[in-house]
Amino acid sequence: MAQALQLAARGVYSTAPNPAVGCVVLDAGGATVGAGWHRKAGEPHAEVLALQAAGARARGGTAYVTLEPCSHHGRTPPCVDAVIEAGLSRVVVSMRDPNPRVAGAGLQKLLEAGVAASVGLLERDARELNRGFVSRMERGRPWVTVKIGASLDGRTALADGSSKWITSALARADVQKLRARASAVLTGIGTVLADDPALTVREPDLAMVGRQPLRVIFDARGQLPPDARVVNDGCETLLLTSQQGAGQLQARGVHAQTSLVVESLPVDAIGRLDPGIALQRLAERECNEVLVEAGARLAGSFIEAGLVDELIVYVAPSVLGDTARPAFLLPQPLRSLDERQNLVFHDIRRIGPDVRLTLRPAEASN
């Protein structure tokens with residue numbers, strides 16, 4: 001199963017909106033005779049590729065697969081039918097498919113066909129691998145990672161907004177991996193106005209393997225310039241605004257086009273877009289993972305709303321001082337320490353001269 005999980009991990013940049021899945025087939029004597037991993041939505045699933053490699057040697061053998069074989073017709077036929085037709089005697093599954101269209105039906109079909117089936121081996125690893133797909137299926141929203149680059153004293157820019165570059169080139173290259181894995185990269189209009197970012201995957205090997213993430217811009221007042229890169233580079237952008245903001249965009253010459261989609265969301269009493277509703281919209285677009293690369297105010301709103309599943313901080317060994325801009329601005333100030341959101345360290349590692357801290361909500365880690 002560990003080998004199947006390693007195979008599945010090859011697909012994390014390319015399989016969305018599908019989960020990443022790996023499969024290893026053993027013959028009746030316990031020798032490995034086939035292996036496969038799902039590469040891209042619409043292409044053969046891991047079980048089919050592994051069984052094709054095994055051929056007749058699969059009969060009477062065992063398949064180790066990281067996700068319950070699908071039992072429904074989607075872009076491809078049901079994998080469970082191929083497993084049964086191959087004559088396997090046993091299937092070991094790491095985790096059930098959280099998709100309501102499957103949700104145990106694949107395992108049940110195996111048992112009804114006389115194939116021994118078990119589930120749960122290295123399940124935590126399998127869920128971690130497909131955390132975005134699991135989140136979308138079980139919670140109705142994508143997995144949310146907030147990324148920031150900061151100085152040692154938690155500052156992300158000078159008072160005038162200058163931030164290029166606080167962290168190293170190696171840290172910025174590492175961010176390319178986060179973008180390549182994400183279904184969507186989300187930022188606010190303030191970042192667009194200040195930096196005119198592309199928010200694309202530019203590292204050649206990653207760009208070739210995967211696909212460009214959907215760019216999502218929070219722009220409640222309709223301030224997006226018509227000459228912004230996210231409007232004109234041909235990659236897909238979703239602009240979330242208010243009804244009033246949509247009118248402002250039209251008046252300023254920003255119109256929906258093939259690569260730019262404009263959607264209106266409700267706003268709160270002070271005109272802010274609701275990040276929770278935005279995530280629901282992204283789930284409807286089959287986004288599994290969302291990477292938030294935003295300023296202190298928008299990042300703070302996601303934290304206050306309890307919508308951050310993972311916080312990644314690239315810490316540079318430098319000090320910017322108390323006049324520099326902070327990492328987060330929470331919409332409502334804390335009245336006591338009891339109101340703080342506690343995190344736990346999930347991973348800590350060096351990235352060149354910087355340190356990458358990966359944290360997750362404490363309650364989710366219990």
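The model is predicted, so local features need pLDDT of at least 70 and side-chain atom pairs count only at pLDDT 80 or more, while totals for chains, interfaces and linings use all residues. Residues are numbered from 1 along each chain as its sequence is written, and side-chain values use heavy atoms, with hydrogens and water left out.

Let us begin with the whole chain. The protein chain holds 13 helices and 16 strands; helices (H or I, at least four residues) and strands (E, at least two) are DSSP runs, numbered from the N terminus. Along its principal axes, the C-alpha trace spans about 70 × 45 × 40 Å. Of the 366 residues, 50% are buried. Here buried means under 20% relative accessible area, exposed over 50%, and partly exposed in between, with a 1.4 Å probe and protein chains only. Among contacts with a separation of 6 or more, 71% link residues 24 or more positions apart, where a contact means heavy atoms within 4.5 Å. The chain exposes about 17300 Å², and carbon and sulfur atoms supply 51% of that area; accessible areas come from the Shrake-Rupley method with a 1.4 Å probe, and for residues only the protein chains shown count as cover.

Now turn to the open sheet of five strands, whose order is 2-1-3-4-5 with mixed pairing. Two strands pair if DSSP finds at least two bridges between them. Strand 2 and strand 5 (116-119) stand at the edges with a single partner strand each, so one side of each has no neighbour in the sheet. From one strand to the next, the twist averages 15°. Helix 1 (residues 2-9) packs on this sheet, touching strand 1, strand 2 and strand 3, and its direction makes about 140° with that of strand 1. For such angles, axes are lines fitted to C-alpha atoms, for helices over the stretch in contact, and angles run from 0 to 180 degrees between N-to-C directions.

Strand 1 runs antiparallel to strand 2 (residues 32-37), joined by five bridges. In this pairing, glycine 22 has tryptophan 37 as its bridge partner, and valine 24 stands opposite alanine 35. The two strands form a hairpin with five residues between them, and glycine 30 in the turn has a positive phi of about 95°. Strand 1 also pairs with strand 3 (residues 62-67), in the antiparallel sense over four bridges; there leucine 26 meets threonine 62 as its bridge partner.

A disulfide is a pair of cysteine sulfur atoms within 2.5 Å, and a search of the whole structure finds zero of them. Cysteine 70 is in no disulfide either, with the nearest cysteine sulfur, that of cysteine 79, 3.6 Å away.

The other sheet to visit is an open one of nine strands, in the order 11-10-9-8-12-6-13-16-15 with mixed pairing. Strand 11 (260-264) and strand 15 are at its edges, and the twist averages 20° from one strand to the next. Within this sheet, strand 8 (residues 184-188) and strand 12 (residues 289-292) pair in the parallel sense over three bridges, and leucine 186 stands opposite valine 292. Helix 13 (residues 296-304) lies across strand 6, strand 8, strand 9 and strand 12, at about 115° to strand 8.

Eight bridges join strand 15 (residues 343-351) to strand 16, and the two run antiparallel. Their hairpin has two residues between the strands, where glycine 352 takes a positive phi near 60°. After strand 16 (354-361) comes the segment with alanine 362, a buried residue at 18% relative accessibility. Alanine 362 touches Asn342, Leu343 and Val344, not counting residues up to four places away in sequence.
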